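Keep the structure open beside you as you read.

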Amino acid sequence: MSSTDSSGPAATPDAPAAPVPPAAPADGGRHRVVVIGSGFGGLFGTKALKRSDVDVTMVARTTHHLFQPLLYQVATGILSEGEIAPPTREILARQRNATVLLGEVTEVDLEQRTVTSHVLGRENVSHYDSLLVAAGAGQSYFGNDQFAEFAPGMKSVDDALELRGRIFGAFELAELGAHRGEDVDHLLTFVVVGAGPTGVEMAGQIAELAHRTLKRDFKAINSRSARVILVDAAAQVLPPFGRKLGLWTKERLEKLGVEVMLGAMVTDVDERGLEVRFKDGRVERIRAVTKVWAAGVQASPIARTLSDQTGAPLDRAGRIAVNPDLTLPGHPEVFVVGDMIDLDHLPGVAQVAIQGAKYAAKEIDGRLKGKPAQKPFKYFDKGSMATISRFNAVATIGKVRLSGFIAWLMWLAVHLVYITGFKNRITAVLHWFVSFLGRGRSERTATEQQIFARSALNRLRGGATDLVSAPGEYDAETERSRREELESQAAEESRLTDAGERGVKVAS
Ligand SMILES: Cc1cc2nc3c(=O)[nH]c(=O)nc-3n(C[C@H](O)[C@H](O)[C@H](O)COP(=O)(O)OP(=O)(O)OC[C@H]3O[C@@H](n4cnc5c(N)ncnc54)[C@H](O)[C@@H]3O)c2cc1C
């Protein structure tokens, strides 16, 4: 077990703990709960406090709640981003005790009990009596963050839309190149790094796209000749599903036309391809413009802030060790849930976040009512599943292992239940009909901005904040010098393009 010692009165499995007195609001008003994040932990925690005598403030850096398990369908044109990312404000509109605030949390002060957040140069400080931290995890490039520019991850709506643009854009560039008689193999090669559920789903969908959806759309290229390669350093696909389902999945993927490269460690990624090293030391370069990174997670940096202030250790993925009741050592008023925690080897799945958040909400409510502390948090594993292609999935529920159509039907039912909002469920079903029974994809629209805007923003020192004036002030001198800087950067970009040093090299 990887939890820390509790210095709060958390319960042990043997003896229920004494009630923890709730922290009293400094201003004598209602108990204030601040929730960080609008993902599974944040949203379900906020909803679970609906009937409690508290004021809840949810601070999140996006205005939506994201259903991450279906991001790959947004990236491959099956679903729209709105269907999997409804506005948090709309979901919570009827919850009278909940307020939603946009902002990236940059600081949590456990002594002062404040959460500081920023958005476009505006700072906000929220005071809390109880805190629920559910800031999730981001992509990990295992210390090679420079890979991110060339191989986007699959964690956000931005990631999915950028990938959609890159995938469909690669076919367009290949058509153009082939029309001009150029070599387009590097454009028609798609590499997915990481053979966990996300990687498997992504590789399967790109293969179906190339072999079914696009097969009649192009004249100069044959989309069915596209290579889809799934790379992983591990010896099997889907390790958490066991050897048998792993082998079954690999065979299915290969039938779909996916090349599965196992025992292959990615050692370098650049604009035109990537390098993999096999266990026997052999190194191979794969020429591929489109790469997807679906390997590795890194907990939100907020975990480090909390660790620095409490001494709670972080594991290699930056997850923070919490007490068995999900609180921080010495801070019974602070709960951390979901992908950020290191407790009992719990997996990074939605149910861990949902159940943890509900547990924390119940504890906050119970304290206010003077109830004894609950028993330590216990995760109830409802099973895992991953789709491979239309009509094919694998699932584990307890000791039961399922594969094929039955598992796919289960996948369909479970995902329908968890998509937020009636309207989204209806439109998702319609889109699935279009894609799984027919061969179309309703959401193929992609724009240049989707592909390039993030890189452009990253080149600005302060990101999007550089493009707006600070609230209440306009500094013409700063704008002039910034504009000059941007213009000279743009001139350099254009020089690189003219000199043929940027972009996809045209074969001579
Ligand atoms: C592509 C993909 C597929 C997946 N498939 C499955 C699946 O099939 N089944 C399954 O059970 N699980 C799946 N998961 C995992 C599951 O989505 C996570 O375990 C779950 O989302 C964790 O919930 P959370 O609340 O901890 O974090 P999240 O849901 O990630 O929420 C974190 C929230 O915090 C916000 N945030 C982060 N940092 C800050 C900050 N500094 N300031 C303010 N807000 C911040 C984010 O914007 C977000 O709203 C998948 C994940 C991914 C990425």
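How many residues does helix α7 have, and how far does it reach from its first C-alpha to its last? In this predicted model, α7 spans residues 242-256, which makes 15 residues, and it reaches 21 Å, close to the 21 Å expected at 1.5 Å a residue. Look next at its buried positions: L245, G246, W248, T249, K250, R252, L253 and L256.

Six strands form an open sheet with mixed pairing, in the order β3-β2-β1-β7-β19-β18. Because β3 (98-102) and β18 (327-328) are at the edges with a single partner strand each, one side of each has no neighbour in the sheet. Further in, β7 (residues 130-133) and β19 (residues 331-336) pair in the parallel sense over three bridges, and V133 stands opposite V336 in β19.

Helix α9 (residues 350-368) lies across β1 (31-36), β2 (54-60), β7 and β19, and runs at about 175 degrees to β7. Helix α1 (residues 40-48) meets α9 here: their axes come within 8 Å and cross at roughly 30 degrees, in a right-handed crossing. On the α1 side the contact is made by F40, G41, F44, G45 and A48, while α9 contributes residues including A350, A353, I354 and G356. Taken together, the residues of this contact divide into nine nonpolar, three polar and two charged.

Terms used
Residues are numbered from 1 along each chain as its sequence is written. This is a predicted model: local features need pLDDT of at least 70, side-chain atom pairs count only at pLDDT 80 or more; totals for chains, interfaces and linings use all residues. Helices (H or I, at least four residues) and strands (E, at least two) are DSSP runs, numbered from the N terminus. The expected span of a helix is 1.5 Å times one less than its number of residues. A residue is buried if 20 or more other C-beta atoms lie within 10 Å of its own, exposed if 12 or fewer, and partly exposed in between; C-beta atoms are placed from the backbone. Two strands pair if DSSP finds at least two bridges between them. Two residues are in contact if their C-beta atoms, placed from the backbone, lie within 7 Å. Axes are lines fitted to C-alpha atoms, for helices over the stretch in contact, and angles run from 0 to 180 degrees between N-to-C directions. A crossing is left-handed if the near helix is turned anticlockwise from the far one by less than a right angle, and right-handed if clockwise. Ala, Val, Leu, Ile, Met, Phe, Trp, Tyr, Cys and Pro count as nonpolar, Asp, Glu, Lys and Arg as charged, and the others, Gly among them, as polar.
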